[in-house]
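Hi,

Here is the structure I promised to send over. Please have a look at it first, and then read on for what turned up.

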Amino acid sequence: MKIVSSPTDLSEIAAKVECGDRLNYDDGVRLFASPDIHEIGRLANIVRDRLHGNAAYYNINRHINYTNFCVLRCKFCSFYRPYSAKAGPADQAKAGNGRSISLLSDQPDEYELSVDQVAANAKAAADGGATEVHIVGGLHPKLPFDYYLDMCRAIKTVAPRLHIKAFTAIEIIHFTRITKPRLSIREVLEQLRDAGLGSLPGGGAEIFDDRVHDEAYKNKVGEAGWFDVHDTAHEIGVPSNATMLYGHIERPEERITHMIKLREHQDVSLREHKAAFNCFIPLSFIPDDSELAHLPGPTGLDDLKTLAISRLMLDNIAHIKAFWIMQSAKLSQIALDWGVDDIDGTVVQYDITKREGGAGNRHQEMTIDQLHRLIRETGREPIERDTLYRRVERQGGDWKIVADDCENVSPKNRIQSV
Ligand code: V47
């Protein structure tokens, strides 16, 4: 008699995970259908511990959102403000004289920062010990491409060691459209790299699915454009991250398809390109103040499950990050035992989302002591990393990269393409 396993039985998947075999689409769907959060966590942790042992990574960074003006109207987004074509902010910014905004206090509802303001903010980050600035903004209709090049150069002038992780794939494509004559994606990336850009963040991926795209972010560059940018970045040696925005109108099957598409591109990058995805960040949808505010957003169990399943499906991306700004500090801590090995960083100011009390002050910061406490309480070892997951060692006010670790933690060495 043939024994048919129940649709939620995870024993076959467990056997694959234990042998290090790749999971397929059906396995992913079955994991999402299973109520067994403990078994899912156990399996994700097998992979997590195999890759990273007891280490849990964090970094000292600062996020800078240079403008909330945006030509798009994505339904999930509460950050964007439409740009009115009156006199303006862009002209001031071009003159290097953007609105006078106190960098850590309440910002006006709509804003853009001048190059000098971004550079001052980056210098403050470097002076405070940061190794990275993470810079993204809305698609501003007026700022010229030179603004972004000048921004990178100005940061490198005032803080030469700071790694600039900046501009989502959507912004990169916007830059190709605002240049005259139009530059290609490769040309935009090369010019930014030569101006000091170190890597691309993972934002703007949302869900790689036409139905979800057309319903929730119709006018935004879709899957093909997003991959075009990241594949090109990898070709020219610029590493990047990848995200998935979950918990809105997508289905579990669409999350799995999203992960498999990323996995396929990563196989190619690891095999053929100079760089690859460093890390995957599932972003928990925060509905407040968006056009999708009527939706409940993901529950804690859904957050945990999604992070753990990401670890299981993405066998060729070295790191899975819980972004505490979105999943909360408390859930990110628990997620360190559900497949996650990284909880991002000190952040300081984050304008795109806020879990509680959406409007007003967006100062959102964790101190190093708080990050250490979260990690240590789980029994794991806090490891400060730089953007490329190299170990950072500190002495007094100074820091250095521990070279020996570099080879072990880069995705190319930890992870083989399949
Ligand atoms: O591109 C927008 C998403 C992204 C909402 O690369 C929302 O290391 C939840 O990409 N609820 C920006 N998410 C954040 C991002 C990121 C964050 C941390 C680390 C890294 C990295 C990348 O946030 C956007 C969009 O996909 N987003 N609105 C919202 N209401």
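The expected span of a helix is 1.5 Å times one less than its number of residues, and helices (H or I, at least four residues) and strands (E, at least two) are DSSP runs numbered from the N terminus. A word on the source: this is a predicted model, in which local features need pLDDT of at least 70 and side-chain atom pairs count only at pLDDT 80 or more, while totals for chains, interfaces and linings use all residues. Residues are numbered from 1 along each chain as its sequence is written, and side-chain values use heavy atoms, with hydrogens and water left out.

Let's begin with helix 3. Its 16 residues (37–52) should span 22 Å at 1.5 Å a residue, and the end C-alpha atoms are 22 Å apart, which agrees. Among the buried residues of helix 3 are I37, I40, L43, V47 and L51, and also E39, R48 and H52. Buried here means under 20% relative accessible area, with exposed over 50% and partly exposed in between (1.4 Å probe, protein chains only). Just after helix 3, G53 takes a positive phi of about 60 degrees.

Next comes an open sheet of three strands, in the order 9-1-10 and with parallel pairing. Strands pair if DSSP finds at least two bridges between them. Strand 9 (342–345) and strand 10 (381–384) stand at the edges with a single partner strand each, so one side of each has no neighbour in the sheet. Direction ignored, neighbouring strands of this sheet are turned by 30 degrees against each other on average. Strand 1 (residues 55–59) and strand 9 are joined by two bridges in the parallel sense, and Y57 stands opposite D342 in strand 9. Helix 15 (residues 368–377) packs on the sheet and touches strand 1, strand 9 and strand 10, its direction making about 160 degrees with that of strand 1. Contact means heavy atoms within 4.5 Å; axes are lines fitted to C-alpha atoms, for helices over the stretch in contact, and angles run from 0 to 180 degrees between N-to-C directions.

Strand 7 (residues 277–284) is worth a look too: eight of its eight residues are buried. Strand 7 pairs in the parallel sense with strand 6 (residues 240–246) over seven bridges, where L245 has L283 as its bridge partner. Strand 7 also pairs in the parallel sense with strand 8 (residues 319–320), over two bridges, and there F280 has I320 as its partner.

Which helices cross at roughly 90 degrees? The axes of helix 7 (residues 169–178) and helix 10 (residues 223–235) do, coming within 9 Å. That makes the two helices roughly perpendicular (65 to 115 degrees; under 35 counts as roughly parallel, over 145 as roughly antiparallel, the rest as oblique). A169, I170, I172 and I173 of helix 7 make the contact with G225, W226, V229 and H230 of helix 10.

Strand 11 (residues 392–395) and strand 12 (residues 398–401) pair in the antiparallel sense over four bridges; they form a hairpin with two residues between them, and G396 in the turn has a positive phi of about 60 degrees. C70 lies in the loop between strand 2 (61–65) and helix 4 (89–94) and is buried, with a relative accessible area of 10%. The C-alpha atoms of C70 and P141 are separated by 7.1 Å, although the two are 71 residues apart along the chain.

Best wishes
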